[in-house]
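Here is a short walk through one protein model. Keep the sequence and the 3D view side by side as you read.

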Amino acid sequence: VPTTSLAIDHYESSKKILKNHNINPRYYASGQNKESLAQAIGSFETKLVFLSPEALISGVMTKPITQQIENGTLRNLVIDEAHIVEGWGSQFRPNFQLLATQRRQWLKTCKDKGNKIFKTHLLSATYTQSSKELLKNLFMESENNEDNWNETVSQRLRPEMNYYVQKITEE
């Protein structure tokens, strides 16, 4: 996830939705006890973790996540707000584009160890044609194989925000 606030939002909603499924979602933000989360990931105590690209690629969570790849227990890599890989990944926060390189290394590790290859899900509500093309270039496994790229579009109208103003005359 691109921001800590989004990680917390996803964590809170998944905690409610998945409370009876032994998933134990967690998130990582700067200043948290990284050893505790790394242990929870390594021991498979948590099965859903919300991380920034920096924590995943070059940070404290690289090792435990890579161990799960090597064990064959990581099944899905989900990149939320994937449309920002195009804009943010080139100049600002390059770890967004480095996710594709890390993913390729993980796919190779899976193949070398005979583990089931995990799926990558690129989510966004605001793709442009150029961001989709960039994501295909970064995340498709081979240049000539469109078979491993599945695109699903699900559009819905979002409710507009409501604002209310009330003048308060008493403390």
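Predicted model: local features only at pLDDT ≥ 70, side-chain atom pairs only at ≥ 80, totals over all residues.

Now find methionine 61. Leaving aside residues up to four places away in sequence, Met61 touches Tyr28, Lys34, Leu37, Ala38, Ile41, Leu51 and Ala55.

Turn next to the aromatic rings. How many aromatic pairs does the structure hold? There is 1. Tyrosine 11 and tyrosine 27 form this pair. A ring pair is described by the distance of the centres and the angle of the planes. Tyrosine 11 sits in helix 1 (residues 4-17) and tyrosine 27 in strand 1, so the pair ties together parts that are 16 residues apart in sequence. Is tyrosine 11 buried or exposed? Its relative accessible area is 16%. Buried means under 20%, so tyrosine 11 is buried.

Helix 2 comes next. This helix spans residues 34-42, and its buried residues are Leu37, Ala40 and Ile41. Why do these residues line one face? Seen down the helix axis, they fall within an arc of 100°, so they share one side of helix 2. The face turned away from that buried side carries Glu35 and Gln39, which are exposed. What do the buried residues of helix 2 pack against? Their partners are strand 1 (26-27), strand 2 (49-50) and helix 4 (62-71).

Asparagine 33 caps the N-terminal end. One of its side-chain oxygens lies 3.1 Å from the backbone nitrogen of glutamate 35. After the helix comes phenylalanine 44, with a positive phi near 65°.

Finish with strand 3. Leu77 and Ile79 form its covered face, while Asn76 and Val78 form the uncovered one. Strand 3 runs parallel to strand 4 (residues 119-122), and 4 bridges join them. Leucine 77 has threonine 120 of strand 4 as its bridge partner.

Terms used:
Residues numbered from 1 in each chain as written. Heavy atoms only, no water. Buried < 20%, exposed > 50% of the residue type's maximum accessible area, 1.4 Å probe, protein only. Helix = DSSP H or I, 4+ residues; strand = E, 2+ residues; numbered from the N terminus. Arc of directions from axis to C-beta. Contact = heavy atoms within 4.5 Å. Polar contact = N/O pair within 3.5 Å; in protein donor to acceptor, adjacent residues only side chain to side chain. Pairing = 2+ DSSP bridges. Phe/Tyr/Trp six-rings, centres within 6.5 Å; stacked < 30°, edge-to-face > 60°.
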